Amino acid sequence: MSMPKKRRYQEDVAGRGLWADAWYRFKKNKLAVVGLTFVVILVCVSIGTIILDLATDNKVYEALVVKQNLSQKLDGPSLKHFFGCDEFGRDILFRLLWGTRYSLFIGVVSILSALIAGGLLGAVAGYYGGITDNIIMRIMDVFLSIPSMVMAIAIVSALGTSTMNLLLSISIPQIPRLARIVRAQVMSVKGKEFVEASRAVGAGDMLIIMQYIIPNALAPIIVQASLSIGSAILSIAGLSFLGIGVQPPTPEWGSILSSARTYMRDAWHISVIPGLMIMLTVLSLNLAGDGLRDALDPKMKN
Amino acid sequence: MKNDKEPLLQINHLKKYFPTPNGLLYAVDDVNFSIMEGETLGVVGESGCGKSTLGRAILRLHEPTSGEVYFRGENILNYNKKKMKELRKEMQIIFQDPYESLNPRMTVSQAIQAPLIIQGIYKASDHAALEKKTLEMMDLVGLARRVVNSYPHELDGGRRQRIGIARALALNPKFIVCDEPVSALDVSIQAQVLNLMQDLQEHLGLTYMFITHDLSVVRHLSTSIVVMYLGQMVEKGSPGQIFENPLHPYTKALLSAIPVPDPEKKMERIQLKGELTSPINVEPGCRFAKRCVYARPECRQKELELKEMEPGHFVSCMLCSG
Amino acid sequence: MSILEIKNLKVDYETEENTVHALINVSLQMTGGETLGLVGETGAGKTTLAKCIMGLLPQRTGRIRTGEILYGGEDLLKKDNKEMRRIRGAEIAMIFQDPMTSLNPVLTVGEQIAEAVVNHDHCSKAKAFSRAAEMLELVGIPAERLHEYPHQFSGGMKQRVVIAIALACNPKLLIADEPTTALDVTIQAQVLEMMQQLKQKFHTSMLLITHDLGVVAQNCDKVAVIYAGEIVEYGSVTDVFKRMQHPYTEGLFNSIPQINADVKRLNPIPGLMPDPTNLPRGCSFSTRCPYADDQCQREAPELAEVSQDHYARCFHRR
């Protein structure tokens, strides 16, 4: 049983739909647009490097990113090496470019999976209430009481340092947070009169959750999710910094930062520039997330 | 076509209690009435009297605590889920708040089509039939066709309420609970919508239960009126009887409190003492006694019943019935 | 003796998308001790007018194009925020519609009344509290309830507290924006009666904003009917209600169901109020008026005197 389709009728009048309206408002927020643009650029860079690797069978990767060249060790920024070289003489700019995919990919995938798992749990808890709600939320509380970094470290230490485990360790601490938000939203929408109206025409629980509650609960959830991606990236960087994230020679930003520790005094560029990169990425995601929240909230219209 | 023999809807000893942390909330307490097909029952009372809960309990949007609801002679409280869903085609509701009762993510056409698809009257893929029915309903309720793909937030209160009415009518129901359908609208729009509802009733042979706090609206539209206070019926009668010869002190107070738009007719207001008492853990006897200027000690002791004072005019008051 | 004089007030709201013409050309006068009813429907401009008088127009979007609001001979629109703060509460007080959200939930009602007193009289806390107790008794609430929080009161009682706060500093003018709309009809009657008594006791003038014609008839001396940002009729309550001149006023009366008469069918005004971003040329009521002719659609009528102190904005005065 599907949602009645929105079709163009002859008598249609031009009125913006809800998403078009939101996009229009988003565009007016200059900072949000800048943030979004930066994120889009990063996505293009990731895809670009992946394609390049596939096309050249990792040859370019080997040459630009992995190959050590000790004669250039710790060279500062110059025309030849835009951001300078690291302790193994590798060009930092290229290392950063190839490292984009890890932050973005792991950040997005981990939050997406947390969203699905947390969303499901939160929706069920919020809709059915009572004992179901209690059981689910108390389990979530247990997870929330463990600091996310500690949990991440525990998971990676127990299961090893593969990408999959990294994803798990970032995603699991986010599940209870997202579950809480989804639950709160579902509870608030559940009581609204239009949901009652749908029951009055005979709609069943599943239909109500899928077509009435979730679409109206989305806005804060989307916003929280986009802001969480920023925090996930910081977590990945943190884990790599501690040495239990992505392993060398993979150019993940956090691990670049980690190895820069020893050389901070002599070579500022090797710590400041990757640090700036991380900061700008998280900032852009936050700006875009903020803009999204403002754009989706119809009450903020003037 | 009026069926003079059997009422379309009959309510017997309907009760709805809500458990709260402070005690039991007697929202609807032993309500009895019947409505014949094609008539309008006005249910009047102020906030907390239980009228909205009553409307929802009849439709089983809140499950009644006890009592019987007979629709076309059958007790619908015994219906299982499947039969209830079938029944929903015949019993519908129009809500008070035109802002809250529409799904903000659905256009006008989606809102009107949703009941049709949910009840399986048309398939979602049957675009032509759905479009035809949608436009038909919009014409019926006076919605300009050009708003067919508009979202609720783009329209004013009066138009939104018309969408609510179109949605309620889409399934061709026989009985509609109207829960304060015009209270949230401006005066001139109220009149438009009331006229519309009257026309639809004549045109389609609808039966209404019209819930409101506004006595003037109820006089105009109802064939009989029930006055409620704290979950109980205090008076029942025809509009003429209630307005010309109100018996219960509360009804008298209610009528006298309505400001008359005539500066030369100053109101003789009947005083009510204090504020509304709580419907939680009610005391025995008449629930209005605390505020009634005529109250005597006996009022708080005996449980009251509706007594017929003149044909068709019932009141539950010791002073009136002796 | 005129206490408030509004002259040719024109107010717009500027948004990024368009300009909303909230008030076109409003002129009003109030004398001391009288109650002026301001009647209109949603979007007519009643609340905008109230906010202008109080200096509470939203800064980002509100634009006062022309006009004066003279209070005690001085133009309120020319005063800065500091001066207005002195006036608000002490000279001109306002009561809003929704008692549920007008009170601060984390302060006791005594504290809220006392706060108003202290702000203006600069007296001691003890004195302010004793005045708060006095005010509570005046509005019919036992003084012991000074130390209770808003959530412990019902809607009607909350509104009484709001009135107590408004009258605590003995203002000369009280603006009441739909003060009883959210209340039950029996409570409404109680609250309005109390307001009338207090008004007479303190000789306060009141601007009563409402859409309820019954409330106006029973509580006001004069009435102004506002439509699409303009005053379309103005006069004593008897003149306007008994000898109405403007078709909109007539239409409003025809729209309300009468409890005294047995009316078969209502006579609503067809159509809707015009879009304030796109007002029609000529008379703004012409699109819905049964008497409208060419002149009405071309020219906008002025507010003209039809009889002693009774004005209407219409070419077709009867």
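Predicted model: local features only at pLDDT ≥ 70, side-chain atom pairs only at ≥ 80, totals over all residues.
Helix α9 (residues 205-242) and helix α11 (residues 269-296) of chain A have axes that come within 8 Å and cross at roughly 175°. Angles over 145 degrees count as roughly antiparallel, and α9(A) and α11(A) are therefore roughly antiparallel to each other. If you look along their contact, you will find A:Ala219, A:Ile222, A:Val223 and A:Ser226 among the residues that α9(A) brings, while α11(A) answers with residues including A:Ile278, A:Thr281, A:Val282 and A:Leu285. Further members of this contact include A:Gly230 and A:Ile233 in α9(A), and A:Gly289 and A:Arg293 in α11(A). By class, the contact of α9(A) with α11(A) divides into 14 nonpolar, 5 polar and 1 charged residues.

Staying in chain A, turn to A:Gly122, which has its place in helix α4 (residues 92-128). Is this glycine buried or exposed? A:Gly122 counts as buried because it has 30 C-beta neighbours inside 10 Å, where 20 or more are needed. Some of its surroundings come from elsewhere in the sequence: A:Val182 is 60 residues away along the chain, yet the two C-alpha atoms are 5.1 Å apart. Leaving aside neighbours within four places in sequence, A:Gly122 is in contact with A:Leu178, A:Ala179, A:Arg180, A:Ile181, A:Val182, A:Arg183 and A:Val186.

Now for chain B, where 8 strands form an open sheet with mixed pairing. The order to trace is β6-β7-β8-β3-β9-β10-β12-β11. At the edges are β6 (91-94) and β11 (307-310) of chain B, each pairing on one side only. Neighbouring strands of this sheet are turned by 25° against each other on average, direction ignored. Helix α5 (residues 157-169) of chain B packs on the sheet, where it touches β6 and β7 (175-179), and its direction makes about 175° with that of β6(B). Within the sheet, strands β9 (residues 224-229) and β10 (residues 232-237) of chain B run antiparallel and are joined by 5 bridges. One pair to pick out is B:Met228, which stands opposite B:Met233 in β10(B).

Other strands of chain B are worth a visit too. Strand β1 (residues 9-20) and strand β4 (residues 66-71) of chain B run antiparallel, with 5 bridges between them; B:Gln10 has B:Tyr70 in β4(B) as its bridge partner.

B:Ile35 lies in strand β2 (residues 23-35) of chain B. With 19 other C-beta atoms within 10 Å, B:Ile35 is partly exposed. Its C-alpha atom is separated by 8.3 Å from that of B:Met209, 174 residues apart along the chain. Beyond its neighbours within four places in sequence, B:Ile35 has contacts that include B:Pro7, B:Leu41 and B:Thr207.

Finally, look at where chain B meets chain C. The contact takes 34 residues from chain B and 32 residues from chain C. On the side of chain B, α6 (187-204), α7 (215-221) and α9 (249-257) each supply at least two residues, and α6(B) gives the most, with 8 residues. This side of chain B has 17 nonpolar, 9 polar and 8 charged residues.

Technical notes
Residues numbered from 1 in each chain as written. Chains lettered and ligands numbered in written order. Contact = placed C-beta atoms within 7 Å. Helix = DSSP H or I, 4+ residues; strand = E, 2+ residues; numbered from the N terminus. Nonpolar A, V, L, I, M, F, W, Y, C, P; charged D, E, K, R; others polar. Buried ≥ 20, exposed ≤ 12 C-beta atoms within 10 Å, placed from the backbone. Pairing = 2+ DSSP bridges. Axes fitted to C-alpha atoms, helices over the stretch in contact; angles between N-to-C directions. Parallel < 35°, antiparallel > 145°, perpendicular 65-115°, else oblique.
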